[in-house]
Amino acid sequence: MNLNFYLTILFFLIISNFNFSQTNMNLNILQGIKNPDLIGDTIKLEKNTYYAFKKMKKAAKKDGIKLKIVSAHRGYDRQKFIWNKKFEKFTSEYSLNPVQAIEEIIKYSTIPGTSRHHWGTEIDIIDENYSEEKNVLMSSKFQKDGIFYNIKQWLNLNSEKFGFYITYNDNPKRKGFKHEPWHFSYAPVSKKMLSLFLKSDLKKLIQKNEINGSEYFTDDFIEKYKSEYILDINPYLK
Ligand SMILES: [Zn+2]
């Protein structure tokens, strides 16, 4: 065997190893495990999203609107904590059976590993003037006579100019997660994330012992979760 043969083998080994680590990297980013592109201190965002938000915040300020992010990137462990806590509460305190508990949780919360907040491209926004307000993420507060009506009006008119789209809109025909008037997605990056996510093995991602109730994630449930909860979103984000 000659040197060329060995060099060719070596070349393919390096390439396949690169692809392997690239795939792992993407999976880590999608599941909120590790993301080298996050910036910020307490509020962390994917870097392009971070700069786009900064621009939008500045423009809003000129119009007398003070935007405040209350939730941005959320890691896998945090989502697991939220999920497991809700599962415990719904099954023991409210005596729901596991399937009912899961149905209840997924009205607003995602299964760990599937949250768009993992990607660093999603933000929940309120009005900075009401920073002290409790339970800020309630639809009624963003409606007429609500304290966040003003910022909601501004965002309706302007957010898309900066790349931010409402993810779970108020289309009555939409299934999946309930309308979240506060939740925006930075489309230029999140659309890429979604297409990567759709290439991953959802079943493998969520059927984990550490996730309470995961033994009830049947194939039918997973199919429904994917078509309604992951894909029935604002069409501009697909
Ligand atoms: Zn959100």
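Analyst: On helix 5, the face turned away from the buried side carries two exposed residues, Asn156 and Leu157. Keep in mind that this is a predicted model.

User: Okay, and which residues of helix 5 are buried?

Analyst: Those would be Ile151, Lys152 and Leu155. To be called buried, a residue needs 20 or more other C-beta atoms within 10 Å of its own.

User: What makes the buried residues line one face of the helix?

Analyst: Look down the axis of helix 5: its buried residues fall within an arc of 100°, so they line one face.

User: And what covers the buried residues of helix 5?

Analyst: The cover includes strand 3 (67-71) and strand 4.

User: Where does serine 131 lie?

Analyst: Serine 131 sits in the loop between strand 4 (122-127) and helix 5 (149-158).

User: How do you know whether serine 131 is buried or exposed?

Analyst: Count the neighbours. Serine 131 has 11 other C-beta atoms within 10 Å. The cut-off for exposed is 12 or fewer, so serine 131 counts as exposed.

User: How far is serine 131 from tyrosine 225?

Analyst: Their C-alpha atoms are separated by 34 Å, and the two residues are 94 apart along the chain.

User: Let's move to helix 3 and helix 4. At what angle do they pack?

Analyst: Helix 3 (residues 76-93) and helix 4 (residues 98-105) pack at about 130°, and their axes are 9 Å apart.

User: Which residues make the contact?

Analyst: From helix 3 come Trp83, Lys86, Phe87, Phe90 and Thr91, and from helix 4 come Pro98, Ala101, Glu104 and Ile105.

User: How many of the contact residues are nonpolar, polar or charged?

Analyst: Six are nonpolar, one is polar and two are charged. Lys and Glu count as charged, so Lys86 and Glu104 are the charged pair.

User: Finally, what does the whole chain look like?

Analyst: There are eight helices and six strands, running α-β-β-α-β-α-α-β-α-β-β-α-α-α from the N terminus. The C-alpha atoms fill a box of roughly 80 × 50 × 35 Å along the principal axes. Of the 238 residues, 31% are buried.

Note on methods
Residues are numbered from 1 along each chain as its sequence is written. This is a predicted model: local features need pLDDT of at least 70, side-chain atom pairs count only at pLDDT 80 or more; totals for chains, interfaces and linings use all residues. Helices (H or I, at least four residues) and strands (E, at least two) are DSSP runs, numbered from the N terminus. The arc is that of the directions from the helix axis to the C-beta atoms. Two residues are in contact if their C-beta atoms, placed from the backbone, lie within 7 Å. Axes are lines fitted to C-alpha atoms, for helices over the stretch in contact, and angles run from 0 to 180 degrees between N-to-C directions.
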